[in-house]
Amino acid sequence: MNRYFVDLHIHIGRTEKGSAVKISAARNLTFYNIAKEASERKGIEMIGIIDSQSPTVQEEIIAYLDKGEMSEIAGGGIRYHDTTIMLGSEIEVRDPGMGPAHLLAYLPTLDDMRRFTEWMSKHMKNVGLSSQRIYVPARVLQQEVIARGGIVIPAHIFTPHKSVYGSCTSRISELLDPDNVAAVELGLSSDTEMAGGISELDPLSFVTNSDAHSLGKIGREYNQMAMKEPSFQELVLALSGREGRAVTANYGLNPRLGKYHRTFCSQCDTILEESHSAEERCPCCGSRKIVRGVWDRIMELSDRDSAPTGIVRPPYHFQVPLEFIPGLGPGKLNRLLDRFGTEMNVLHHVAPEQLAEVVGEEIAEYIKQARDGKLSVQDGGGGHYGKVNKLS
């Protein structure tokens, strides 16, 4: 069984002809550019592009298949050089009496996705844009995906905006059939230990993905999976832990670096101290515009202190992306990639002594400590990421 790096949540900003897909994402986030970045610079063998339901995106995919620059593989997915692309869609649901939540749906083939687009277009105002609301119950959407051979993963489940636990409901089972949920995405402000306090999650695999809105953010969070090959069929087996396939590691930001880790006041941008996190008014400005942080929301939802010893999870590694490393600007990063190939190689394999030859001992030490999960960080919150503290 082989081990592959996997990032299943990457947005498209625009098509090559300039059509908007994810308005808040970078314009150069096209289907081709994402595949090229993942394969040549990041070194990620499986990615999920979750705006593949857009008809304008599908036109581009067909063009690259026709030119022979990409190919569909038998196990499901589209291959570009060393990377396999999973075709996905991020969809907003809002059931009666609940807040909004985003779900990730993945389908095996382009034909499956095109037929899914046809169905969604009857229940969605603009199927060409990313993360649009669908006007059917969440379980109906889930059933449609499953019936087409696909899988459903609730997105960034704890973040305060448009997630199952953060803004929708207190239990996944109130929104979806949990037996037909392939995994849950922890998001950028939580980790396995934090999620272990919620017993409802025990049967489900955890995945960590980038939710990339720019090329540089691809691989900000990612997974390692044991599979025979990077394909849709193998992904399904890995998420369910069957036939020797498995999620073998999660690589994510230290939750304290996440921009929604702590409760904050959106009026004055103050991150509330833990002793004030349950208050309805900001202690600094008196505003009621309090956004509950991931940590505080999980504390509200947890029905136990931690997961029981019988629940075995893959290790969760606090992986600091290279862009967070102090002093490592684009020029030095390019020198590292010119010398060592890909970001995954730099993060996981290259000896610190070799890194120091290219970028100096201080930056090499930052990367080594990031690799070992030992970097000191400042808490994020208020929509702002935390920071890596300087070496003492």
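Student: How many aromatic pairs does a search of the whole structure find?
Tutor: The search finds eight. Rings of Phe, Tyr and Trp (its six-membered ring) pair if their centres lie within 6.5 Å; planes under 30 degrees apart count as stacked, over 60 as edge-to-face and the rest as tilted. One of the pairs is Tyr32 with Tyr80, which is edge-to-face at 5.5 Å centre to centre and 80° between the planes.

Student: Which parts of the chain does that pair link?
Tutor: Distant ones: Tyr32 lies in helix H1 (residues 31-42) and Tyr80 in strand E4 (residues 78-80), 48 residues apart. Helices (H or I, at least four residues) and strands (E, at least two) are DSSP runs, numbered from the N terminus.

Student: Are Tyr32 and Tyr80 buried or exposed?
Tutor: Both Tyr32 and Tyr80 are buried. Buried means under 20% relative accessible area, exposed over 50%, and partly exposed in between (1.4 Å probe, protein chains only).

Student: Why does the pair of Tyr316 and Phe318 count as edge-to-face?
Tutor: Because the planes of Tyr316 and Phe318 are at 75°, with the ring centres 5.8 Å apart. Tyr316 is buried at 16% relative accessible area, whereas Phe318 is partly exposed at 28%.

Student: What are the numbering and confidence conventions?
Tutor: This is a predicted model, in which local features need pLDDT of at least 70 and side-chain atom pairs count only at pLDDT 80 or more, while totals for chains, interfaces and linings use all residues. Residues are numbered from 1 along each chain as its sequence is written, and side-chain values use heavy atoms, with hydrogens and water left out.

Student: Which ring does the charged end of Arg313 sit over?
Tutor: That of Phe206, 3.7 Å from the ring centre. The criterion is NZ of Lys or CZ of Arg within 6 Å of the ring centre and within 35 degrees of the ring normal.

Student: Now the second largest pocket: which residues are closest to its centre?
Tutor: About 230 Å³ of space lies in that pocket. Of its 17 lining residues, the closest to the centre are Leu204, Ser205, Leu239, Arg313 and Pro314. A pocket here is an open set of points on a 1 Å grid over the protein atoms alone, where a 1.4 Å probe fits, with protein on both sides within 12 Å along at least five of seven lines; lining residues have an atom within 4 Å of a point.

Terms used:
Points joined across faces, edges and corners; volume = space filled by probe spheres on them.
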